[in-house]
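Q: Hey, can you walk me through this one? I'd like to know what goes on between the side chains.

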Amino acid sequence: MTIGNLAPKKEKKSRKSKGVIDENAPLLPKGQEDVVFDEFNGASFTGAVFNLSTTIVGAGIMALPATMKVLGLVLGISMIIFMAFLTEASIELILRFSRAGKSASYGGLMGEAFGKYGKVLLQISVLVNNLGVLIVYMIIIGDVLSGTSSSGVHHAGVLEGWFGEHWWTGRAIILLVTTLGIFAPLSCFKRIDSLSFTSALSVALAVVFLVITVGITVVKLFNGSIAMPRLLPDVTDVSSFFKLFTVVPVLVTAYICHYNVHSIHNELEDSTQIRGVVQTSLALCSSVYIMTSLFGFLLFGDGTLDDVLANFDTNLGIPYSSVLNDAVRVSYAAHLMLVFPIVFFPLRLNLDGLLFPSARPLVLDNMRFALVTIGLISVIFLGANFIPSIWDAFQFTGATAAVCLGFIFPAAITLKDRHNIATKKDKILSVFMIVLAVFSNVVAIYSDAYALFKNSSRRE
């Protein structure tokens, strides 16, 4: 990849010296925070890596072990690695064309390539993707801590298991306390670099889940209670062959982080470090993804559920099983709590850019900043409390919007090639990304529609 050639040598300097590159960019113009945060000398390499890694690793990590059940270990792990390289290629395209067009944001880049409607389409895609993801995060946190009911059966949450059923262990109270005590304070930061510590802690919690899973698997391996995993997919008929493609949406969206790349790049003290930031983040997340998929599938085999967290609601067949189950669930819930503000950051900027395109920068208007923040958090809170059955709907909308952000838009910008810098290889890659993204959307639509139809038929 050529990510390292994005910035000219003269950019290797303190962030204070960076000027406003594109005054019409709606997401995060570089000059905004230079005015407000004069003491800020630029984000560190480590902080940028943790912020980008946190953007990538979210709830999707729990669906990856199930892809091993469908694809087998060899093909499944190969696809995880392949998608990491494809993601790096798409980010390289975005940043290369941003430099050529002097665009300081993803929205500014889409606006330059496709005009006003391109910019609006990008902002709407971020809204659909991030709003849906955050509501799902809050639903999962409520399920883990307070419990959930399905088909008339109540599955106790961690707090209910510890303290019993009380008014203060109810879903609404737990989510209200979490929102006021964690989400709201962390969402009030005006610089994404301010979240570098919580991002590091979030990644650490994901590693905690991984370490516990590996430990349990090793113990069961020594006990001889783990069967040999399937290495290749089990294809016996046309139906089983088609089922292989149902994992495409999960794999395609596993590394979506493109909506935060410009924000992180703009705050770097040394802009040329973006190549190392992207590659380090992708390597870190790929390692976590591969280890989670491998050991999650080894542990549960063909009994691996679509959300592997649900497998930790039963007896694991080893000492201290209940303690380990609770540790996994709590660490995962805490991980999502700390991912929340990283995903919320671009959501707020894009909503503000969509509603107030001509207003002064959001970081300069405290009242507007507060109103947009309170409004979004309120919508997310209400969504998680009153429409918890929207998991499938938001999984679908998130997948379709996410592939637009990660692959369709970068490919379209490359094929448009306003600056005549795209190579033949770039254009072939762009066509491939569009075909892959469209195909994954079709699969997502079919899978969700089929599942809904099947469920409605069962009710009848």
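Here is a chat about the core, the rings and the charged pairs.

A: Heads-up: this is a predicted model, where local features need pLDDT of at least 70, side-chain atom pairs count only at pLDDT 80 or more, and totals for chains, interfaces and linings use all residues. Residues are numbered from 1 along each chain as its sequence is written, and side-chain values use heavy atoms, with hydrogens and water left out.

Q: Ok, which residues touch the most other members of the largest nonpolar core?
A: Tyr 255, Tyr 289 and Phe 312, out of 116 residues in that core. A nonpolar core is a set of buried Ala, Val, Leu, Ile, Met, Phe, Trp, Tyr and Cys residues joined through side-chain atoms within 4.5 Å. Buried means under 20% relative accessible area, exposed over 50%, partly exposed in between (1.4 Å probe, protein chains only).

Q: What does Tyr 289 touch?
A: Leaving out residues up to four places away in sequence, its contacts (heavy atoms within 4.5 Å) include Ile 56, Leu 64 and Tyr 255.

Q: And how many aromatic pairs are there in the whole structure?
A: The search finds four. Rings of Phe, Tyr and Trp (its six-membered ring) pair if their centres lie within 6.5 Å; planes under 30 degrees apart count as stacked, over 60 as edge-to-face and the rest as tilted. Tyr 255 and Tyr 289 have ring centres 5.2 Å apart and planes at 65 degrees, so they're edge-to-face. Both of these Tyr residues are buried.

Q: What about Phe 340 and Phe 344, how are their rings arranged?
A: Their centres are 5.9 Å apart and the planes sit at 15 degrees, so that pair is stacked. Together with Phe 183, Phe 340 and Phe 344 form one aromatic cluster.

Q: Switching topic: how many salt bridges does the structure hold?
A: Five. A salt bridge is a side-chain nitrogen of Lys or Arg within 4 Å of a carboxyl oxygen of Asp or Glu. One of them joins Glu 92 and Arg 96, at 2.8 Å from N to O.

Q: Are Glu 92 and Arg 96 buried or exposed?
A: Glu 92 is buried, with a relative accessible area of 3%, and Arg 96 counts as buried at 14%.

Q: Which residues are linked with them in a network?
A: Asp 426 joins Glu 92 and Arg 96 in a network of salt bridges.
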